[in-house]
Amino acid sequence: MRLKDKVALISGAARGLKGEVMGIGGAAAWLFAQEGARLVLADLDEERGEATAAQLRASDAEAVFVKLDATNAVDWQHAVSLAVQAFGRLDVLVNSAGTTHSHSVEGLDLQDWNAQMDVHAKSVFLGMKHSVPAMLESGGGSIVNISSMAGIIAVSSAAYAAGKGASRILTKAAALQYAKDGIRVNSVHPGWTDTPLARSTMHHIMTDGSGDTRAQRVPLGRLGRAGEIARAVLFLASDEASYITGAELVIDGGVTAQ
Ligand SMILES: NC(=O)c1ccc[n+]([C@@H]2O[C@H](COP(=O)([O-])OP(=O)(O)OC[C@H]3O[C@@H](n4cnc5c(N)ncnc54)[C@H](O)[C@@H]3O)[C@@H](O)[C@H]2O)c1
């Protein structure tokens, strides 16, 4: 029970339906529940989010869903209030909401740039801004921001990479600011991971025979699985990582080591 008595808010947690490929936030929700956490799942996708929360409750977990646009400050205020109302405190925030995008610099219009920065940088800022006061009330906490290997090496589109790079360094700034308060802040940097989001936008990389060489570019020879990322999120969220803050944990099958 590595998260016993802890309350966790996870953005981008709607893709957690049993029997389907899960997203990182959805897979983290199941692992967190197994380890004793009480959960607030937050996502734009109300239908799947509610269904995931219902499945968790049916497995004896304590879980509620709240609709959240992670780029919207009022939604974050509401989500944090709901966590405190429902469970009395907030200990863990996971920022996993995200989208993908594939344009070079000159092919990118300003709207797309803003949308990527909003969903990958502004959302992380807003999530932390509105969760920190509740964590201070709880005597500390742990924030895990899902960045990407694209926040470290430029394997992705320009705007996505810029947003993920912003969330990486924002994590470190927040880690320093709240270290004295017992709030740890770390980032996780997945490589190419088989999730609903990846399938919807990069389905050609999930099937062999398309000529895409992404899996072949991974030293471990395959794509990652959401559960493999979620286990690292669990570690950073839990007290086992009590001396880790401002760190970036790469989980990419070795891609960035090359
Ligand atoms: N899958 C990969 O290969 C990969 C690699 C590196 C980083 N990541 C990052 O990991 C995180 C999770 O990715 P995933 O592939 O597990 O996704 P996923 O399959 O869980 O889908 C993303 C979820 O985020 C939600 N979402 C999108 N925009 C939102 C918003 N504005 N507000 C609230 N919810 C929103 C979607 O509704 C969906 O449920 C993302 O930040 C992504 O950029 C993914």
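**View 1. The shell around the ligand.** Here the ligand has 30 residues around it, with Gly 12, Gly 23, Gly 98, Thr 195 and Leu 197 the closest; a residue belongs if its C-beta atom, placed from the backbone, lies within 6 Å of the molecule. Helix H1 (24-34) and helix H6 (196-206) each put in at least two residues. Helices (H or I, at least four residues) and strands (E, at least two) are DSSP runs, numbered from the N terminus. By type, the shell has 14 nonpolar, twelve polar and four charged residues; Ala, Val, Leu, Ile, Met, Phe, Trp, Tyr, Cys and Pro count as nonpolar, Asp, Glu, Lys and Arg as charged, and the others, Gly among them, as polar. Keep in mind that this is a predicted model: local features need pLDDT of at least 70, side-chain atom pairs count only at pLDDT 80 or more, and totals for chains, interfaces and linings use all residues. Residue numbers start from 1 along each chain as its sequence is written.

**View 2. The open sheet.** Seven strands line up as E3-E2-E1-E4-E5-E6-E9, with parallel pairing; strands pair if DSSP finds at least two bridges between them. Strand E3 (63-67) and strand E9 (248-251) sit at the edges with a single partner strand each, so one side of each has no neighbour in the sheet. From one strand to the next, the twist averages 15 degrees. E1 (residues 7-11) and E4 (residues 92-95) pair over four bridges, and Ser 11 has Asn 95 of E4 as its bridge partner.

**View 3. H4 against H5.** Helix H4 (residues 110-138) packs on helix H5 (residues 158-178) at about 15 degrees, the axes 8 Å apart; axes are lines fitted to C-alpha atoms, for helices over the stretch in contact, and angles run from 0 to 180 degrees between N-to-C directions. That makes the two helices roughly parallel, a label for angles under 35 degrees. The contact includes Trp 113 and Phe 125 of H4 and Tyr 160 and Leu 170 of H5, where contact means C-beta atoms, placed from the backbone, within 7 Å. Its residues split into 14 nonpolar, four polar and two charged.

**View 4. H3 beside H4.** Among the residues in contact are Trp 76 and Val 80 of H3 and Leu 126 and His 130 of H4. The tally is seven nonpolar, four polar and no charged. H3 (residues 73-87) also lies across E1, strand E2 (38-43) and E3, at about 160 degrees to E2.

Conventions. Parallel < 35°, antiparallel > 145°, perpendicular 65-115°, else oblique. Contact = placed C-beta atoms within 7 Å.
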